[in-house]
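Biologist: Hi, I have this one open on my screen. Could you walk me through it?

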Amino acid sequence: MANAKKAPYPLALCVTADDFAAAAKEVLPEKAWVYVSSSAASGLSLKANLDDWSRINFRPRIMRSVSAIDTRRAILGQPGQFPFFVSAMGTLGNAHPGAEPLLARGSTRKGLHMVVSTATSKPLEEIMDAHRDEQRLLGNQSPSRLAFQLYMPVDRSKAKSLIQRVKAAGYHSLWITVDTSILGKRTADRYLQAQELLEQGARERELAAENEFGPAFGGRPVPGYLDPGLSWEDLAWIKQEWSGPIVLKGLQTVEDVKIAVEHGVQGVLLSNHGGRQIHSAPSALMTLLEIRNYYPEALEKLEIYVDGGLRDGADALKALCLGATAVGVGRPYFYAMAAYGMEGIEKCTDVLAEEVEITMKMLGVSSLDQLKPEMVNATRLLNEMWRPETVRARL
Ligand SMILES: Cc1cc2nc3c(=O)[nH]c(=O)nc-3n(C[C@H](O)[C@H](O)[C@H](O)COP(=O)(O)O)c2cc1C
């Protein structure tokens, strides 16, 4: 399954994040390509993610000195080189034999924060070791930190020991995925599974040897590792086990953001899981607008991140103008790593970073703190934003 050969498409011709997808398609086995590229149902949630970035325009200012540009942005108090980070992705062994340790090394080199999935191909300790080793090689100069994404196991004793391992390994924060009471219906993978059944007569459960929570092939979960019973009450239990920062990943409405604030978490990641979970989901940008309109206090009370469909670094600035702290990037890193290994990870970061830099200059800002809501026109999205059915409706 793992892919080690480099894409015939020259790396030098990867000028945009989308170019990595085309290169990865050339080298990935079909099963791995389906895993990463697939989305829920007819693909509307993924389409919303991709489209909504283009429905916000900049309102650039001129004649402001932008000779020196500062792209740094902290997440949960940890400085980072850029306003984007690597979102959690499971089973990266499907992209490259170096799997998560390789992506952790690449992120560290570039000063990027990375969220490590529960469903990794390699043990979480090995991924942290790779990060630490890279830090050592860099003289501990990288601001990069690893966060851990938690899929809450049904068995609380397993959950407890997993959280203890995450703590012992030194992960910075815990990002609990809350949009996965069940795995979404990934249409392309359903076709693939049906085809396999037709060919093999019976499907064997594939398990990764090195992580009991990681399936050998992503998108087909290990039984018991997603908890459909997870509720707000479980947060109290998690807080007993984990004293560090907590981020909830996968919120899609302002109402839930309000509840998250009430529960005292440090951050929320607005996300529809890259369009892989519920059909016809709102994009993270749409949810961000809901927050701005109906509960702007949230922007002061916790950090708000967004992910889904970011394919141009410039777009990260749109989210920041609207109050987001940073933007997560998923598939482009999977593709870049699949096609070119470490070189791909670094180039993907360079592409997104350059887009951030040139857009900051043309927007007239020299630091990210200068971004303001007035620097974007989000009217097209606002026109379609959810409105309570009656004026009396309260959150
Ligand atoms: C191949 C793949 C695997 C993913 N695995 C996980 C996961 O293990 N846990 C999780 O919370 N989200 C997972 N996600 C969702 C990402 O964290 C993120 O929300 C999404 O990829 C962002 O959209 P983008 O890929 O368009 O950038 C995965 C996404 C992809 C594409």
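**A loop, a helix and a core**

Biologist: Where does G309 sit?

Modeller: G309 is in the loop between strand 8 (303–307) and helix 12. Helices (H or I, at least four residues) and strands (E, at least two) are DSSP runs, numbered from the N terminus.

Biologist: And before we go on, what am I looking at?

Modeller: This is a predicted model, where local features need pLDDT of at least 70 and side-chain atom pairs count only at pLDDT 80 or more, while totals for chains, interfaces and linings use all residues. Residues are numbered from 1 along each chain as its sequence is written.

Biologist: OK, is G309 buried or exposed?

Modeller: G309 is buried, with 27 other C-beta atoms within 10 Å. The cut-offs: buried is 20 or more other C-beta atoms within 10 Å of a residue's own, exposed is 12 or fewer, and partly exposed is in between, with C-beta atoms placed from the backbone.

Biologist: What is G309 in contact with, leaving aside its neighbours within four places in sequence?

Modeller: Those contacts are N49, L50, W53 and S283. A contact here is two C-beta atoms, placed from the backbone, within 7 Å. As for S366, it is 57 residues from G309 in sequence and 25 Å away in space, C-alpha to C-alpha.

Biologist: You mentioned helix 12. How many of its residues are buried?

Modeller: Nine of the nine residues of helix 12 (residues 313–321) are buried, so the rest of the structure largely encloses it. Just after helix 12, G323 has a positive phi of about 110°.

Biologist: How do you sort residues by class?

Modeller: Ala, Val, Leu, Ile, Met, Phe, Trp, Tyr, Cys and Pro count as nonpolar, Asp, Glu, Lys and Arg as charged, and the others, Gly among them, as polar.

Biologist: Good. So what is the shell around the ligand made of, by class?

Modeller: The shell has eight nonpolar, 14 polar and three charged residues. In total 25 residues surround the ligand, and the closest are G90, S117, G274, G330 and R331. A residue belongs if its C-beta atom, placed from the backbone, lies within 6 Å of the molecule.

Biologist: Which elements each supply at least two residues of that shell?

Modeller: Helix 2 (30–37), strand 9 (326–329) and helix 13 each do.

Biologist: Switching to the largest nonpolar core: which residues touch the most other members?

Modeller: V268 and L288, out of 117 residues in that core. Helix 13 (residues 331–363) gives the most to it, with 16 residues. By a nonpolar core I mean a set of buried Ala, Val, Leu, Ile, Met, Phe, Trp, Tyr and Cys residues joined through C-beta atoms within 7 Å.

Biologist: What does V268 touch?

Modeller: Not counting residues up to four places away in sequence, V268 touches V247, L248, L251, V257, A260, L302 and I304.

Biologist: Now helix 6. What should its span be?

Modeller: At 1.5 Å a residue, the 14 residues of helix 6 (residues 156–169) should span 20 Å, and the end C-alpha atoms are 20 Å apart, which agrees. The expected span is 1.5 Å times one less than the number of residues.

Biologist: Which of its residues are buried?

Modeller: In helix 6, A159, L162, I163 and V166 are buried. Seen down the axis, the buried residues of helix 6 fall within an arc of 95°, so they line one face of the helix. That arc is taken over the directions from the helix axis to the C-beta atoms. On the other side of helix 6, S157, Q164 and A168 are exposed.

Biologist: What do the buried ones pack against?

Modeller: Helix 5 (124–137), strand 4 (146–150), strand 5 (174–177) and helix 8 (234–241). Just after helix 6, G170 takes a positive phi of about 95°.

Biologist: And what about M152, where is that?

Modeller: M152 is in the loop between strand 4 and helix 6. M152 is buried, with 23 other C-beta atoms within 10 Å. Leaving aside neighbours within four places in sequence, M152 is in contact with A159, I176, D227, L230 and D234.

Biologist: Last one: which residues other than glycine have a positive phi?

Modeller: Among them are A41, with phi near 50°, and L76, also with phi near 50°. A41 lies in the loop between helix 2 and helix 3 (44–53) and is partly exposed, with 17 other C-beta atoms within 10 Å. L76 is in the loop between strand 1 (57–58) and strand 2 (84–86) and is buried, with 21.
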